[in-house]
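Please find below my notes on the model under review.

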Protein chains: 4
Amino acid sequence: MRAARLHEYTHDMSNGLAIDEIDRPTVENSSDVVVEIDGAGWCQTDNHIIEGQWADYVPQPLPMTLGHENAGTVVEVGEEVNLVSEGDQVICHPVQTCGICRACRQGETMYCENDSFNGLTTDGGFADEMLTSERSVIPLPEGVDPADIAPHADAGITAYHAAKKAVDELNPGDTAVVIGVGGLGHIGLQCLDAMCAADIVALDIKESARELATECGADVTLDPSSVDVAEEIDALTDGHGAEQVLDFVGADETTALGPDIAAQGGEHHVIGYGGHVHEPSQAFVAGEFTFRGTLVGQYSELQELVALVDRGEVELHTSRYDLTEINTVAERLENREIDGRAVITP
Amino acid sequence: MRAARLHEYTHDMSNGLAIDEIDRPTVENSSDVVVEIDGAGWCQTDNHIIEGQWADYVPQPLPMTLGHENAGTVVEVGEEVNLVSEGDQVICHPVQTCGICRACRQGETMYCENDSFNGLTTDGGFADEMLTSERSVIPLPEGVDPADIAPHADAGITAYHAAKKAVDELNPGDTAVVIGVGGLGHIGLQCLDAMCAADIVALDIKESARELATECGADVTLDPSSVDVAEEIDALTDGHGAEQVLDFVGADETTALGPDIAAQGGEHHVIGYGGHVHEPSQAFVAGEFTFRGTLVGQYSELQELVALVDRGEVELHTSRYDLTEINTVAERLENREIDGRAVITP
Amino acid sequence: MRAARLHEYTHDMSNGLAIDEIDRPTVENSSDVVVEIDGAGWCQTDNHIIEGQWADYVPQPLPMTLGHENAGTVVEVGEEVNLVSEGDQVICHPVQTCGICRACRQGETMYCENDSFNGLTTDGGFADEMLTSERSVIPLPEGVDPADIAPHADAGITAYHAAKKAVDELNPGDTAVVIGVGGLGHIGLQCLDAMCAADIVALDIKESARELATECGADVTLDPSSVDVAEEIDALTDGHGAEQVLDFVGADETTALGPDIAAQGGEHHVIGYGGHVHEPSQAFVAGEFTFRGTLVGQYSELQELVALVDRGEVELHTSRYDLTEINTVAERLENREIDGRAVITP
Amino acid sequence: MRAARLHEYTHDMSNGLAIDEIDRPTVENSSDVVVEIDGAGWCQTDNHIIEGQWADYVPQPLPMTLGHENAGTVVEVGEEVNLVSEGDQVICHPVQTCGICRACRQGETMYCENDSFNGLTTDGGFADEMLTSERSVIPLPEGVDPADIAPHADAGITAYHAAKKAVDELNPGDTAVVIGVGGLGHIGLQCLDAMCAADIVALDIKESARELATECGADVTLDPSSVDVAEEIDALTDGHGAEQVLDFVGADETTALGPDIAAQGGEHHVIGYGGHVHEPSQAFVAGEFTFRGTLVGQYSELQELVALVDRGEVELHTSRYDLTEINTVAERLENREIDGRAVITP
């Protein structure tokens with residue numbers, strides 16, 4: 001079968017992945033599941049992986065098939081699999097978990113001590129078929145097209161996970177700030193809108209992104225390149241500040257906003273990860289301020305996101321590309337030329 | 001009366017405060033309370049205030065009497081005060097709150113929109129008497145000496161507040177790391193020990209501090225100047241990491257420990273505030289890691305700490321000084337020559 | 001001024017209250033506020049009070065002016081009141097709190113140890129003017145008519161409080177059941193709809209109430225007089241049950257539904273209080289089931305509800321009556337002849 | 001092998017179970033584990049099962065081997081089991097879970113949709129060997145004797161689970177009431193003592209149980225047969241009431257205590273289940289009162305309890321009996337003649 005694989009780290013996106021012909025995966029363990037990929041979302045993280053930015057954080061055996069936002073059709077199952085059978089359409093949580101370690105027992109599947117991560121530490125879905133397990137697939141509701149929902153497997157679940165943590169702390173009358181209305185941000189906005197009654201302020205330097213923000217439920221949009229964001233938030237909140245900040249960019253200039261725009265006791269969620277956090281300890285103390293990282297989301301949260309999609313609360317704008325166009329997609333994302341989410345359809 | 005006042009910011013601790021003769025405070029509002037000070041703790045923050053380190057964060061009308069860890073005897077009350085009367089012994093929460101703003105309504109008294117803070121934004125307790133209000137005093141249990149308990153008004157409540165947040169996330173079998181076993185740290189340790197059954201690892205470069213840590217309930221102590229802390233924590237936790245880190249130092253080298261020693265989803269509480277936090281955004285994402293600031297603690301938490309003291313769960317080691325020795329205390333603390341907590345007894 | 005007062009407990013609603021001529025209230029304490037009543041909602045609890053059903057639970061000095069859902073215009077303030085001044089329009093939380101006891105400090109204003117409750121333990125708002133305090137009034141946003149919002153002071157805040165507790169436990173894909181779509185239930189439904197993305201099933205024996213439920217956000221409505229509710233919930237949830245049940249009736253037959261329709265670990269909120277809870281202890285154990293009472297809501301929650309109203313998320317249907325019609329209202333409510341909420345406009 | 005089996009429900013405890021000779025269990029699925037039983041605790045629930053009290057709640061295929069508190073030595077494992085191997089000593093969580101359903105994903109293993117429960121819905125441990133699975137066993141720390149720890153598999157985990165829920169709501173200065181200091185209660189007391197700093201009041205009609213309570217950490221003990229409990233709690237808490245009540249009895253007279261002794265917003269945990277809860281709805285509303293059921297505890301909580309035991313925080317008093325004495329144990333428990341926990345050692 002065909003698979004788009006990374007052979008060595010490179011900054012040249014035009015030639016990052018090679019389309020190789022390799023063997024199809026087969027079931028080895030009793031809970032294995034093989035999925036024929038109908039759609040696999042391309043993520044900013046794929047560019048980071050190609051550049052080697054994750055090599056210090058996780059083991060990456062090269063060559064490796066990328067692609068961690070996958071959905072498709074089950075073609076083979078291990079002998080003890082009960083949840084799905086051949087022909088079922090599924091979305092694939094990118095993490096395969098053991099179900100045995102303490103983290104799995106607690107439902108914290110992202111902290112599994114024996115995990116593998118499609119397209120990050122093991123082969124992913126930019127290929128005709130992919131090996132995963134019963135603990136990583138979620139059957140799709142009637143009428144949902146796998147290629148439409150695929151990006152929710154990572155972009156969606158990451159945005160949902162951060163939004164859910166924020167919603168826990170947001171009351172009616174409170175203010176949430178969303179920084180960056182791109183692939184993740186526009187999902188995060190819709191999740192916030194569906195799950196709380198706070199006022200939502202969205203920041204983006206692109207006018208089209210701000211328009212999308214309004215469609216997705218933002219009450220106010222701001223262009224940080226033309227206004228003083230801290231002054232505006234101060235005015236909008238009567239000097240109180242924003243209880244929750246969701247930073248889908250994570251650049252030096254966006255993390256620097258946190259202590260200036262957050263209310264006392266406020267939280268700044270670091271979801272995107274381009275740059276650094278750099279603040280004096282005293283800034284944490286004086287405002288009882290928090291920087292809180294977000295790493296994808298649990299399996300059960302992907303179930304919840306699928307339920308949101310099924311209710312019509314979250315819509316994704318996607319554009320589809322053939323597997324052979326994969327490096328073009330990487331280049332265009334690098335140049336910010338992709339609108340919505342690119343989905344590879346092998 | 002006598003009052004030790006700051007007239008201008010200085011780095012010369014030998015001459016930071018002047019003993020002035022000023023008018024005694026008097027009751028003006030119906031809920032005012034005047035307290036004769038029996039003990040007022042000297043805090044590292046007092047040195048920071050003298051140096052002007054808080055001038056950017058809060059309004060400070062100079063000259064101002066310092067001292068935010070106060071306890072004493074009520075000498076005058078406003079006409080609508082019911083909680084205490086003349087002669088009652090009290091500990092004084094350093095923040096005077098309005099009781100009317102939304103933060104006060106929620107019990108988040110540290111976020112009061114109309115607050116004043118003894119010794120930080122208004123006159124404090126390094127004086128014969130101090131003005132506070134009914135909403136800031138807590139009657140002492142029988143047999144508790146105000147001069148013994150005074151440092152709990154800030155050092156104690158700050159350590160307790162951080163410990164309480166950590167305890168909420170700590171299960172038996174988890175690991176908590178306490179960095180810095182000084183004035184705050186040794187209280188934090190005792191609070192953790194009283195309120196959870198996690199394993200506690202304490203770090204301090206001073207041997208006497210590590211011995212104190214063991215007395216206060218630490219299961220393991222480490223000297224960060226002689227061992228690789230990350231390796232030790234890794235070994236102690238079977239590679240899992242510490243669920244909670246309480247950083248009572250807040251220096252560059254202590255905040256840098258966080259991402260290396262924390263478990264997935266772990267939290268590093270920034271309580272001390274000497275230095276900076278400096279990490280790539282990706283470090284927050286990869287470990288779903290959090291830096292969480294701590295600002296003193298709520299009035300109701302000071303009630304809880306007084307209950308802990310009354311149960312014999314938390315002991316303070318203090319040394320007493322006369323008001324006239326105040327600059328000597330400042331200098332000796334700067335040189336790390338104070339053991340336990342210095343209490344001024346006007 | 002005129003005041004509708006209860007002189008003795010009676011089951012004769014046609015003659016429950018007398019319109020007396022009494023002195024206007026005046027400011028006595030520094031935080032007192034006198035409000036001219038523009039609207040005062042009539043509540044099922046008023047009927048219960050007239051019957052003496054609360055005499056065993058709280059002290060009630062008779063004669064007493066009833067009315068605990070009040071809004072109006074400030075006419076006089078104590079000398080230390082800052083939040084409002086003469087002429088401001090306000091909604092009045094029914095409970096006057098001390099701000100000093102531990103419960104108040106924690107934000108749990110409903111548990112104030114020194115409270116008084118308008119129309120339940122002290123004079124209420126079925127009168128030209130009412131005495132309350134700075135800690136019990138919330139300024140209204142521009143353009144909100146006090147007579148329109150008055151019932152939120154009790155019916156609204158009670159429904160909101162229960163909904164907020166339920167929302168904390170509801171994820172997308174979960175099911176909430178609302179029992180009784182009357183004065184409180186139709187507010188509770190709107191609050192659930194605004195603050196979570198669970199599926200909502202509403203039960204009511206009246207067809208008009210079920211239609212209102214659909215308008216208020218119910219996904220499914222059921223008539224318990226014609227279907228087997230437990231079977232229906234079972235089918236709707238694939239045998240899983242409802243995570244949260246909000247019982248705005250509290251009769252024997254509605255509380256009996258709880259263990260049958262709740263999911264494992266589910267909660268049944270007792271908000272209405274006509275009847276009894278009667279279950280074997282084993283029913284609590286077998287399903288890890290909970291019955292959870294709800295008592296009005298905190299001051300800060302009334303702020304949140306006012307924010308929801310201001311956002312257009314919650315609408316109240318009210319009908320207005322003159323103070324002289326007060327016993328007619330009591331009788332008609334007893335006979336279930338009132339649609340929406342009756343508001344007395346003195 | 002020998003197995004003590006229930007053939008039909010009976011109230012005659014002297015003859016409840018028969019010692020049958022049956023086939024040893026064998027591994028069938030890849031995650032199966034067979035354990036040779038070193039100790040199996042006898043529980044009040046075993047008496048309830050023999051009487052048929054669980055027949056309405058769960059499916060029970062008779063004849064069935066009873067025994068749900070098991071520990072022993074692994075003798076055979078399925079081919080994909082990694083957590084344990086032959087010869088390992090383990091404690092067995094009584095519930096076998098699928099790891100696949102949504103409840104398992106959330107860590108709520110007690111709500112597993114495909115579970116089986118040793119000694120309740122499938123064969124248990126009053127036998128030489130028992131079949132369980134990798135998801136239900138926890139390796140024991142060095143030096144822990146399986147026969148000593150066995151009762152923690154149900155009595156312990158149930159008491160711990162309830163205590164953990166209570167501890168989440170208990171602050172220093174609060175009061176917890178423990179009703180019934182028997183097999184579960186004395187563990188619950190030790191868990192409370194290890195994990196919070198609240199004041200603990202223990203109730204029991206037996207003097208020896210009250211003495212045990214004091215050893216286990218109770219601050220005050222009361223004999224409900226000789227004092228008015230509500231008056232005593234009122235006096236001990238300055239009229240405030242107990243924030244948390246843990247009812248290890250669940251009889252009519254103990255559940256009736258709840259609304260009388262609980263503070264506003266208090267919770268009464270129903271853990272034992274002899275009798276009924278019977279209260280007017282208004283009692284839930286007036287005190288914002290809650291009755292909360294407890295069903296065993298999650299797998300991850302049994303890990304936490306094992307950690308507590310390993311730390312020396314919880315001690316069990318047990319007496320050992322041979323498998324042939326099993327009906328004698330049942331009879332003696334019925335007559336309240338067993339001190340501590342009876343452990344069958346096949």
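**Notes on a predicted complex**

1. In this predicted model, chain A and chain B bury about 3400 Å² between them, and carbon and sulfur atoms give 52% of that area. On the side of chain A, the residues that lose the most area to chain B are A:Gln282, A:Val285 and A:Glu288, which together account for 21% of what that side buries. The contact draws 41 residues from chain A and 41 residues from chain B.

2. The predictor assigns the complex an ipTM of 0.95 and a pTM of 0.96. For chain A the mean pLDDT is 96, and 100% of its residues reach 70 or more.

3. The elements of chain A that give two or more residues to the side touching chain B are α4 (155–167), β15 (262–270), β16 (276–280), α10 (281–286) and β17 (290–293). Of these, α10(A) gives the most, with six residues. By residue class, this side of chain A holds 16 nonpolar, 18 polar and seven charged residues.

4. Two salt bridges cross the interface of chain A and chain B. A salt bridge is formed by A:Lys165 with B:Glu288, where the closest N and O atoms are 3.1 Å apart.

5. How do the β16 strands of chain A and chain B pair, in the parallel or the antiparallel sense? The pairing of β16(A) with strand β16 (residues 276–280) of chain B is antiparallel and extends over five bridges. Within this arrangement, A:Pro280 stands opposite B:His276 in β16(B).

6. The buried area is about 1200 Å², with 48% given by carbon and sulfur atoms. Three residues, C:Pro172, C:Ala197 and C:Arg311, supply 42% of the area that chain C buries against chain A, more than any other three residues.

7. Which charged and polar pairs link chain C and chain A? The count of salt bridges between the two chains is four. In a salt bridge between A:Asp219 and C:Arg311, the side chains meet at 3.7 Å, N to O.

8. Some backbone details deserve attention, because most residues other than glycine have a negative phi and most peptide bonds are trans. A cis peptide bond joins B:Leu62 and B:Pro63, with omega about -5°. B:Pro63 is placed in the loop between α1 (44–50) and β4 (64–65) of chain B. In chain C, C:Leu62 and C:Pro63 are joined by a cis peptide bond, with omega about -5°. C:Pro63 lies in the loop between α1 (44–50) and β4 (64–65) of chain C.

9. One further residue concerns phi. A:Val296, a residue other than glycine, has a positive phi near 45°. A:Val296 is in the loop between β17 and α11 (299–310) of chain A.

Definitions and conventions:
Residues numbered from 1 in each chain as written. Chains lettered and ligands numbered in written order. Predicted model: local features only at pLDDT ≥ 70, side-chain atom pairs only at ≥ 80, totals over all residues. Heavy atoms only, no water. Contact = heavy atoms within 4.5 Å. Buried area = accessible area lost by both parts, 1.4 Å probe. Helix = DSSP H or I, 4+ residues; strand = E, 2+ residues; numbered from the N terminus. Nonpolar A, V, L, I, M, F, W, Y, C, P; charged D, E, K, R; others polar. Pairing = 2+ DSSP bridges. pLDDT = per-residue confidence, 0-100.
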